Amino acid sequence: MASTSRGDSLPKVQCPNHPDAILVEDYRAGDMICPECGLVVGDRVIDVGSEWRTFTNEKATKDPSRVGDTQNPLLNGGDLTTMISKGTGAASFDEFGNSKYQNRRTMSSSDRAMLNAFKEITTMADRINLPRNIIDRTNNLFKQVYEQKSLKGRSNDAIASACLYIACRQEGVPRTFKEICAVSRISKKEIGRCFKLILKALETSVDLITTGDFMSRFCSNLGLPKQVQMAATYIARKAVELDLVPGRSPISVAAAAIYMASQASAEKKTQKEIGDIAGVADVTIRQSYRLIYPRAADLFPPDFKFDTPVDKLPQL
Amino acid sequence: MEQNNSLPPFPQGLASPPGAMTPGLPLFSPMMPYGTGLTPQPVQNTNSLSLLEEQQRQQQQQQQQATPQLYHSQVSTTTALPGNTPVYTTPLTPMTPITPATPASESSGIVPQLQNIVSTVNLGCKLDLKTIALRARNAEYNPKRFAAVIMRIREPRTTALIFSSGKMVCTGAKSEEQSRLAARKYARVVQKLGFPAKFLDFKIQNMVGSCDVKFPIRLEGLVLTHQQFSSYEPELFPGLIYRMIKPRIVLLIFVSGKVVLTGAKVRAEIYEAFENIYPILKGFRKTT
């Protein structure tokens, strides 16, 4: 069987006569053999492959082919601890029915907080259906921040929420602070503070949010058809280009654009509904709408099919 | 009393202009109120609480302050000084170092106005906050909420937090002298209530200034180019937070063109920070 290349951390075993030759593993005998001259270089190499081969499809609770835990060793700092499992059979219980050998405590106490945070991150991400890549990125960010210890005083949940926010931003699918607040117990203020601290600690920066980042999510949550979503994206982009809404948060502009697009189509949504989905107050939508309303005719895409013509759009 | 707030902008390292008859007076210095050696001044940190002295000193310094001068645009004049120094004008010869700025750029001509000064002083004796709150006018004390007496005076309009250790924080003044005068007034009030109050270690902790560059600014562009100093999160705050390193000042820059500068210990830092940021902001002017 061909062997794979060795990692850099291990001492490089090589044949003394042929240092460039890739050693062949013969694991029946546990040897590393040089293919050029046949010299046995390694001896009694421990086999790290699986002990069992299972062919059944049923998911038995015990999987004997596993030789260790499935946890990601990169994140946990190499968890090699073992623990005594619950006993089977009668001999493991003492008189009162309690099990002897109760040693199930303190595994990897130094990283217990980190493991807890990872669990919390997974729970939060699950609530808003975030994909695995964002969760992994969040875990990595959290690990970096945790190891740096510059934010040690802050609540781990706050740091985890902020890491989740940053990960979403970095992956190009930003979530608003309010959306992260909805799945976390931490206030928006604290998440914002931790966000700024983490950016400073990790010396990274994130891209500025744009109106288009949120369109697909808001529109599909509202049940608006694709045409309306595309129109709203176009309206918001045009409004920002023409500088009709200086100083307004992109979320508010997006919400106002969705309102305008939905009011011009067959699927009319109220400001309250849009405000609920976007996390924006309906007076804020009203303010931004008032700013874009005068130029409404220029903002719609040229191929848009109007259910309500531009002059009949509501004016508030 | 009318305070001259629009002092000339900060010149960096001006020598005394040629032809000056008295040494060491940079005509454009904003530091003039603190005594420049022109007339012999009493030493600054007097711990005695004579308000009359304080006001006299302030009036002297007011008369000394030059009329507000812009960089190299007006003929320099000196005001009449109390005492015997004759009035003179410096001819603007080509040798006169007028502005130290780089020849390519000119100064902004805008002077930030000071909005708030926070200062602390140690009254040097333990205080009984309850008696102060009961006997003084315009004092509130709610020990369950906050462990200090909050006292206000009308002239200069300021608020002071007086702690039982004898330390006091004075906020709300619009100039350094007003802050000092207000702190002295508070100390006087405490003294009149029977405590042996002194006036130790008066120090200005923070100065806030604001100004308007009169044109809209593209904050997105600014945050792209000055990433390591700026933080712009429209979800969190509508302004861009620029942390300048050279004078350590934090600037809040808004789309409308208004700029707030804070974190300064001396007036010169505010001016310097604004002069540093102005060319950068001009580069991000909105063109429509």
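A:N129 is exposed, having a relative accessible area of 66%. This residue belongs to a predicted model, and its place is in the loop between α2 (112-127) and α3 (132-148) of chain A. The backbone at A:N129 has a phi near 55 degrees, which is a positive value in a residue other than glycine. B:D201, however, is found in a strand, β6 (residues 200-212) of chain B, and with a relative accessibility of 61% it counts as exposed. Another backbone feature of chain B is the cis peptide bond from B:E155 to B:P156, with omega near 0 degrees; B:P156 has its place in the loop between β3 (148-153) and β4 (158-163) of chain B.

The two chains can next be taken one at a time. Chain A contains 12 helices and 3 strands, and of its 316 residues 36% count as buried. Among the contacts in chain A with a separation of 6 or more, 60% are between residues 24 or more positions apart. Chain B has a secondary structure of 5 helices and 10 strands, and 45% of its 288 residues count as buried. Here residues 24 or more positions apart account for 62% of the contacts with a separation of 6 or more. A sense of distance within chain A comes from A:M230 and A:S150, which are 80 residues apart in sequence and 44 Å apart in space, C-alpha to C-alpha. A:M230 lies in helix α8 (residues 226-241) of chain A and, at 43% relative accessibility, counts as partly exposed.

Salt bridges give another way to follow the chains, and a search of the whole structure finds 17 of them over all chains. In chain A, the side chains of A:D157 and A:R185 meet in a salt bridge with an N to O distance of 2.9 Å. This pair links distant parts of the chain, 28 residues apart, with A:D157 in helix α4 (residues 156-170) and A:R185 in the loop between α5 (177-183) and α6 (188-202).

A:R217 forms a salt bridge with A:E179, in which the closest N and O atoms are 2.5 Å apart. That pair also links distant parts of the chain, since A:R217 is in helix α7 (residues 212-222) and A:E179 is in helix α5, 38 residues apart. In this case both A:R217 and A:E179 are buried. Chain A further holds a network of salt bridges that links A:R154, A:E190 and A:R193.

In chain B, B:R152 forms a salt bridge with B:E140, the closest N and O atoms being 3.0 Å apart. B:R152 lies in strand β3 and B:E140 in strand β2 (residues 139-141), so the pair ties together parts of chain B that are 12 residues apart in sequence. B:R152 counts as partly exposed at 39% relative accessibility, and B:E140 counts as partly exposed at 37%.

Where the chains meet, the contact takes 20 residues from chain A and 15 residues from chain B. Between them the chains bury about 1300 Å², of which 59% is on carbon and sulfur atoms. Of the area that chain B buries against chain A, B:E233, B:E235 and B:L236 supply 47%, more than any other three residues. The interface has 2 salt bridges, and one of its ion pairs joins the side chains of B:E233 and A:R169 (2.6 Å, N to O). Polar contact is found for 6 residue pairs across the interface. On the side of chain B that touches chain A, α4 (219-225) and β8 (240-244) of chain B each supply at least two residues, and the residues of that side divide into 7 nonpolar, 3 polar and 5 charged.

B:E235 deserves a separate look. This residue lies in the loop between β7 (230-231) and β8 of chain B, and it touches several residues of chain A, including A:Y165, A:F177, A:K188 and A:I251. B:E235 is buried yet has no salt bridge, the nearest side chain of opposite charge being A:R169 at 5.0 Å. The side chain of B:E235 does make a polar contact with the side chain of A:Y165, at 3.1 Å.

Methods: Residues are numbered from 1 along each chain as its sequence is written. Chains are lettered from A and ligands numbered from 1 in the order in which they are written. This is a predicted model: local features need pLDDT of at least 70, side-chain atom pairs count only at pLDDT 80 or more; totals for chains, interfaces and linings use all residues. Side-chain values use heavy atoms; hydrogens and water are left out. Contact means heavy atoms within 4.5 Å. Buried area is the accessible area (1.4 Å probe) that two parts lose on being put together, summed over both. A salt bridge is a side-chain nitrogen of Lys or Arg within 4 Å of a carboxyl oxygen of Asp or Glu. A polar contact is a pair of N or O atoms within 3.5 Å; within protein, one must be able to donate a hydrogen and the other to accept it, and residues adjacent in sequence count only if both atoms are side-chain atoms. Helices (H or I, at least four residues) and strands (E, at least two) are DSSP runs, numbered from the N terminus. Ala, Val, Leu, Ile, Met, Phe, Trp, Tyr, Cys and Pro count as nonpolar, Asp, Glu, Lys and Arg as charged, and the others, Gly among them, as polar. Buried means under 20% relative accessible area, exposed over 50%, partly exposed in between (1.4 Å probe, protein chains only). Lys and Arg count as positive and Asp and Glu as negative; His and the chain ends are not counted. Lists of a residue's contacts leave out its neighbours within four places in sequence.
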